[in-house]
Protein chains: 6
Amino acid sequence: MADTWLPSLITATPQEGFELAITLSRRGVKYTQPDMETLKQLRPEYAQSADGLTAASQVIAINFQTVSAANNYWRG
Amino acid sequence: MADTWLPSLITATPQEGFELAITLSRRGVKYTQPDMETLKQLRPEYAQSADGLTAASQVIAINFQTVSAANNYWRG
Amino acid sequence: MADTWLPSLITATPQEGFELAITLSRRGVKYTQPDMETLKQLRPEYAQSADGLTAASQVIAINFQTVSAANNYWRG
Amino acid sequence: MADTWLPSLITATPQEGFELAITLSRRGVKYTQPDMETLKQLRPEYAQSADGLTAASQVIAINFQTVSAANNYWRG
Amino acid sequence: MADTWLPSLITATPQEGFELAITLSRRGVKYTQPDMETLKQLRPEYAQSADGLTAASQVIAINFQTVSAANNYWRG
Amino acid sequence: MADTWLPSLITATPQEGFELAITLSRRGVKYTQPDMETLKQLRPEYAQSADGLTAASQVIAINFQTVSAANNYWRG
C-alpha cells in the first residue's frame, strides 16, 4: 500500500482515538486480504454473527490501548 | 457516528470506569454493525451462550485496562 | 446495577488481587447477561468444558494484569 | 479457597516466574471449576488437542507478562 | 532462520511501524510452519474467512502495541 | 522440569528476542503436555491449519511484548 493512511497516532479527542483504532483494525484485515470484492462478500459473515462482532470489538479494544497510550489518555 | 459519546476516559470511581469499559466494548460492536435491528436479533446468540459471554467479558477486561491506566488506577 | 461493588482496585495481598480479578471477570458476564436464571443454566457449558475453563482463566489473567498494576505489584 | 497460595509475585529467576505464571493460569481454572474430579476428566480434552494447548500457552503468556513486570524483568 | 530479518524495532513513521507489525505476525507463522508450500495452500483458509481475517488483524494489533511502545508512539 | 532453560529475558538483538518469545510459547505448551510423543502427533493439527498457525503467532506476539519490554526495546 503506497498511500499514507497513518501519519500519526495523535488525535484531538478520545472518540477520534477510538475511531482511529477502528481504522487500524480494518487496515489489519485489508493488508491480509487486499481484494475489496472478497472483503465485501465476507462482510455478512462477521457483521451478522455475534461471535464475529465480539471478535471485531476485541481487535478495536487492543488497538485503542495503543492509541490511548500514544495520547497519554487525553489527560489534558 | 456524529454524536459525542466519549468526551473523556476519566471517571470518578473504578466502578464507573468498568461501566465505561462496557460502553467501549458495545461501541466497538455498533461501529462494526450499525443496524440496531440486526444487533437485537443477534443478542440471544451471545447472551445465552457461555462462550459468547466469556468473550464479551474479555473485551470488557481489555477496555478496562485502558480506562484504569487513564485514571492512574484511581489511586487517589 | 445500582449497588457499589467496586470501590477500589487496591488489595492487601496478591491473592486478594487475584480474587478481585475473578470478581471483575464475573461482573463482565453479569453486565452482559443480568438474568441469574440464564447464567445458572449456562454454568455447565463452560465449567465442564476444557475450552470454556481456559477462556475463563484468560479473562481472569487479563483482569489480574490491571489489578496488579494498580497495586504496584504489591512490591512493598 | 482459604489457603494462602500467592503470597508474592516476586521470584528469584525468570524461570521461576514462568512457573508462577503457570500456577496462576491453573488457579484461574480451579477457581472456576473447583471440583478436582471434573478437572481430571477434562484434562485429555485440552492436553491432547493442539488448539487447547495453544490456548493454555496463551494464558500462561498473559500471566507471565504480569509476573515479569512485577519483577522488573529480573534486570538485576 | 539464519538471515537477519529484524535488526531493529525502530521505524520512521507509525505506518512503517504497522507494516513491521505485519512482518512480525507473519514471521510468527513462518517459524511455526517453515514449509512455504504448506503456507501457500493454507492461505485461502484464512484470507477468505471472516474469522481468519479478524484473528490475523488481532495478531497485528498485538505486535503493533510492541512496535508503538518501542518508538515512543512516534510522539516526535 | 529440573533443567535451566530461562536464565534471562535479555537478548542481544530484537531477532533473538523474537526467537526467545517462540521458546516461551513452546515451553507453555510443554509444561501443559510434557509427553513428547503426544506433542509430535498433534503437530500436524496446528501446523497445517490456518487457525492453528494464527493462534500460535498470537502467543508468540504476547511473549514478544514481554521480552521487548525487558530489553527496553533494544533502543540502544
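How many salt bridges are counted between chain E and chain F? In this predicted model, the count for that pair is zero. What the two chains do share is described below, beginning with the extent of their contact.

Chain E brings 34 residues to the contact, and chain F brings 27 residues. The size of an interface is often given as the accessible area lost when the parts come together. For chain E and chain F this buried area comes to about 2400 Å², with 62% of it given by carbon and sulfur atoms. Although the number of salt bridges between chain E and chain F is zero, 13 residue pairs are found in polar contact across their interface, both residues of each pair being at pLDDT 80 or more. On the side of chain E that touches chain F, at least two residues each are supplied by α1 (14–32), α2 (36–47) and α3 (50–70) of chain E. The helix that gives the most to this side is α3(E), with ten residues. Sorted by class, the residues on this side of chain E comprise 19 nonpolar, twelve polar and three charged.

How the two copies are arranged is the next point. Two copies of a chain are related by a rotation about an axis and a shift along it. Chain E is superposed on chain F by a rotation of 60° with a shift of 0.0 Å along the axis, at an RMSD of 0.0 Å. The two copies are therefore related as by a six-fold rotation axis. Within chain E, the C-alpha nearest the axis belongs to E:Ile62, at 6.9 Å from it. Only 15% of the interface residues of chain E are also interface residues in chain F, so the copies meet through different surfaces.

Chain D and chain C form another of the interfaces in the model. Here 34 residues of chain D are in contact with 27 residues of chain C. The area buried between chain D and chain C is about 2400 Å², and 61% of it lies on carbon and sulfur atoms. Between chain D and chain C the count of salt bridges is zero, while 13 residue pairs are in polar contact, both residues at pLDDT 80 or more. The elements of chain D that give two or more residues to the side touching chain C are α1 (14–32), α2 (36–47) and α3 (50–70). From α3(D) comes the largest share of that side, ten residues. The side of chain D that touches chain C is made up of 19 nonpolar, twelve polar and three charged residues.

Methods
Residues numbered from 1 in each chain as written. Chains lettered and ligands numbered in written order. Predicted model: local features only at pLDDT ≥ 70, side-chain atom pairs only at ≥ 80, totals over all residues. Heavy atoms only, no water. Contact = heavy atoms within 4.5 Å. Buried area = accessible area lost by both parts, 1.4 Å probe. Salt bridge = Lys/Arg side-chain N within 4 Å of Asp/Glu carboxyl O. Polar contact = N/O pair within 3.5 Å; in protein donor to acceptor, adjacent residues only side chain to side chain. Helix = DSSP H or I, 4+ residues; strand = E, 2+ residues; numbered from the N terminus. Nonpolar A, V, L, I, M, F, W, Y, C, P; charged D, E, K, R; others polar. Least-squares fit on C-alpha atoms with pLDDT ≥ 70 in both.
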